[in-house]
Amino acid sequence: MQSANVLLKKIVRSSVLPFAAQHGMKKDLFPLSRALSLSPCLKQDNSRSPSEKLDLDAWKKVMKSGLQEEVSETVSERKELSDLAAAREILEMWRLAGRSVPENISEEQLKTFMDCPSKSAKKKYLKYLHLKELYKKNDKRKMDEKRERRLETASKTDETRSKSFVCLWASCMDKAYSWRVAQSMIFGQPLVFDMSYEKDMSVREVANTVRQIVLSEGSNRRSLDPFHIHFCNLKDDSLYHKEFIKHYKEAWGKLLITVTDQCYTDVFPKDKLIYLTADSPKVMKTFDHDKIYIVGSMVDKSIKTGISLARAKRLGLETAALPLEKYLLWNAGAKNLTLDQMMHILLTLKDTGDWKAALEFVPKRKHYGFVSKPVHELKKTLNLINTLKLGKRQEEVRKQFAKNYSRKLTQK
Amino acid sequence: IEPPEKPLQAEEWNRLRESFGSPEIFEEVMFNNMIRCNSPIDVAKSLLTHVAKSNGDVAYNLLVKYLALCVQQGQTSEIRDVYDIMKIRFRILESGAYNLLIRGLSNSDQWRMALTLLEEVKKIMIPSRTNYESCIKAASCHQEMNVAFELYHEMLAKDLVPTLDVLQAFFDFNRGMKGAELQKELFGILLYLRENQIYPHKTFMRSIKLWFESIPGGNWRGHLTSIKDSGQCPVCNHQLEDSDLTEEEYNNLRERIIRDVIHGTDTFRKTSPQEFEAFQAFVENRFPFDIVIDGLNVSHIKPRKRQCENLFDAVNCLAKENARLLVLGRKHMLVNSSNWKREIMKEMQNKADFFFAENISEDDAFLLYATLRSGKHCKFVTRDFLRDHKACLSDSATRHLFRKWQRGHQISKKMFLSVFIQQPALRYDCVVQTTGDTWHIPYKDTFEEKYSYRVPRKWLCIQQK
């Protein structure tokens, strides 16, 4: 209990301090935006009888009446502002105007904001920060509610025993997972992440990539028969590397994976390598346990076709694409999947060899369903979707679809 | 909720607010509706008064919304008042308020105020092109041409693209004015249209025509016409510029195609270095060609027919006048299949040179290279608009060159009763052009209707008598 209290205090202190600092700063910058107190003449106004004629310009008086009080302040405040402060001020005005702008913005973010090359880039970046802030706030609120609830229940039941049990369970599982991954590092099938796409991505795309890889590593660790993960072409001072350290912190050095700045062609025999890319003309039929699959660590939001295929071509490697068309009735979206989805699919294939089970991990919004279902059933669901989505045009769409679908069947 | 028709007392506003589902955004929603219904300004004022009295303050977003209502109704004095209040309450304003203020004031007799506001905006950001538009229109409306042109050049210097409205305003407000300097400026605008391959719409064209005809002592006459396929103007018998590039432009374009389209960030994306070298050697041995054909594209022209027969028809149709043909294809065309019969392929190879690229290479890039290498007379055949290749070019000047070259050298084919109809490349270049005593200006019929690949067929011919 005592330790919990200390922890609580720490959290409160650390969260209050920056807030106070920021608040203070804002006050300095915006002496005028603070709410006004009612001046005595207004109180008189209020006391008049409502039947009297309306003074339509009364609001102007109110707005201007604040002036006398604060003029002295503004004169002294008005000095040359630095660029950063000016940008901060503009942001504040945008927030007042009701645009999606974050309430608090750090120095670093402000600099990124000012470096955005165009107006729309700035707008996008602000919206991103705004949403991030909203999510964070919501999470914090939920955490607080949870903590309150836990404190309530804690006072009723003796919690310490169950807690230690949970701890023990978790650390045991951790050990078991580590054991398995260590086994796979000796005997397991290698899986390569190709970290050579840094210059094809923006900073945010690199951050997203690393996030996806962290997720993939997590699901690999928890699987029954993990891959032996290799990060190839990973340079020491690269953006990837920095992002990894941001995510893993001290655990980065203890991860049970192989990290190298060498190319996969130097580590493995060339004829065993298969580069997985959505642009490949070859379609993967079965999962081969003797091959080494390579996944390009790249998030391309602007769909840059052929980049990873070009890598494989240059090195003369075999390529393959997932048989998405063969098993799924594709609806919308690009055929490239996220890295964690790839990991799930590959793990499932390795364990079961079942394409249907593996392709369950393709996001549902991207396809209508599996092709193996009877066609009339597919059409029924599709009709429903189209009626919901498009309303009147359903007949037309259905015909179009039927045509496409029959063509697809004859091609195969 | 409907905004009321008459100003309300505080209690009445309170009552309305209570009855509204979410009272915290009541004022905002009410103001939005007032703007939509264009409510009388007094109603808005009464709401502001109510807010000011109950909170002692009016939030910035409400002020902006009120401002929008004032601008909508052209209430100049109110706009000034709101601006004064904003200036007192806030150290700087944001772009939304400035846009409204500039728009509102530039339409009034206080338009000079809009100019000072524009200066204020410049201090904190780059003004938008509509800001400039309002100010330029206001200045030219009040015959301050120097100010207007100054602003116009300033916005061009900031890489803002002027709207057609602004350009039209220059022609409208200078009608009947004298001055060599002024004429030079307006000719400059026409040359701006030329350089950026912009086509004026019908009403804009009329403004241009009227301006020319109104120049005192200029003796200009304008006629609407359409140009013959030969490129001759039926009115003045003047031969329009052809679409050939100059030697320098041509070499420049060729180098940029090799650098940006074929190599790009990675040669392996579209081909491979070995393959490209082999292709270069192939072209060096056999050029110059007269026509380069995109084999796969042409083979899909008629879906009912076999692909090799489509291609065969096209080659036969083009091979007539001893023209040297090059057909680009992929290796899979050589494998005997139902679509690609080996005998027909053999026969075609007697009539034309063939180059087969790898199945995963892009043949369009080769098409461009071979055509450009063969020289100015060489044309190419494809239905593809080649937009993705144009997009690979890094700057807009080269893209314009590419478009011009494409207009002059691309032959596309249409099917008509199972016969190939050749759609010839244009012989003349479709841009604003002048010889000093004549101007030829292509224009669009309506404001928005034009596909980017379609060039206008209607022209304005202006000549000096």
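Analyst: Happy to; below we take one term at a time and set each value against its cut-off. Keep in mind that this is a predicted model.

User: Let's start inside one chain. What makes B:Gln406 count as buried or exposed?

Analyst: The relative accessible area of B:Gln406 is 7%. Buried means under 20%, so B:Gln406 is called buried. This residue sits in helix 20 (residues 396-409) of chain B. Setting aside residues up to four places away in sequence, B:Gln406 touches B:Phe380, B:Phe385 and B:Leu386.

User: And A:Ser280, why is it classed as buried?

Analyst: A:Ser280 has 8% relative accessibility, and the limit for buried is under 20%, so A:Ser280 counts as buried. A:Ser280 belongs to the loop between strand 4 (273-276) and strand 5 (292-296) of chain A. Apart from neighbours within four places in sequence, A:Ser280 is in contact with A:Leu309, A:Thr319, A:Ala320 and A:Ala321.

User: What does the side chain of A:Ser280 reach, and what makes that a polar contact?

Analyst: The side chain of A:Ser280 reaches the backbone nitrogen of A:Lys282 at 3.1 Å. The cut-off for a polar contact is 3.5 Å between N or O atoms, so a distance of 3.1 Å passes.

User: How much of chain A is buried?

Analyst: Of its 412 residues, 35% count as buried. Chain A has 16 helices and eight strands.

User: Now charges. Why is the pair B:Glu144 and B:Arg112 called a salt bridge?

Analyst: Side chains of opposite charge can pair when their charged atoms come close. For B:Glu144 and B:Arg112, the closest N and O atoms are 2.5 Å apart. The rule asks for a distance within 4 Å, so the pair qualifies.

User: How do you know whether B:Glu144 and B:Arg112 are buried, exposed or partly exposed?

Analyst: B:Glu144 has 26% relative accessibility, and B:Arg112 has a relative accessible area of 46%.

User: What makes B:Lys202 and B:Asp445 a salt bridge, and how far apart are they in the chain?

Analyst: Their N to O distance is 3.7 Å. That is within the 4 Å limit, so the term applies. This pair links distant parts of the chain, with B:Lys202 in helix 12 (residues 202-214) and B:Asp445 in the loop between strand 9 (438-443) and strand 10 (458-464), 243 residues apart. B:Lys202 is partly exposed at 30%, and B:Asp445 is partly exposed at 31%.

User: How do you know that B:Arg407 and B:Asp429 are buried as well as paired?

Analyst: Pairing comes from distance: the closest N and O atoms of B:Arg407 and B:Asp429 are 3.0 Å apart, and the limit is 4 Å, so they form a salt bridge. Burial comes from accessibility: B:Arg407 has 11% and B:Asp429 has 2%. Each value is under 20%, so B:Arg407 and B:Asp429 are called buried.

User: How is the size of the interface between chain A and chain B described?

Analyst: The size of an interface is often given as the accessible area lost when the parts come together. Here the area buried between chain A and chain B is about 4,000 Å², and carbon and sulfur atoms give 62% of it. The contact takes 40 residues from chain A and 41 residues from chain B.

Terms used. Residues are numbered from 1 along each chain as its sequence is written. Chains are lettered from A and ligands numbered from 1 in the order in which they are written. This is a predicted model: local features need pLDDT of at least 70, side-chain atom pairs count only at pLDDT 80 or more; totals for chains, interfaces and linings use all residues. Side-chain values use heavy atoms; hydrogens and water are left out. Contact means heavy atoms within 4.5 Å. Buried area is the accessible area (1.4 Å probe) that two parts lose on being put together, summed over both. Helices (H or I, at least four residues) and strands (E, at least two) are DSSP runs, numbered from the N terminus. Buried means under 20% relative accessible area, exposed over 50%, partly exposed in between (1.4 Å probe, protein chains only). A polar contact is a pair of N or O atoms within 3.5 Å; within protein, one must be able to donate a hydrogen and the other to accept it, and residues adjacent in sequence count only if both atoms are side-chain atoms. A salt bridge is a side-chain nitrogen of Lys or Arg within 4 Å of a carboxyl oxygen of Asp or Glu.
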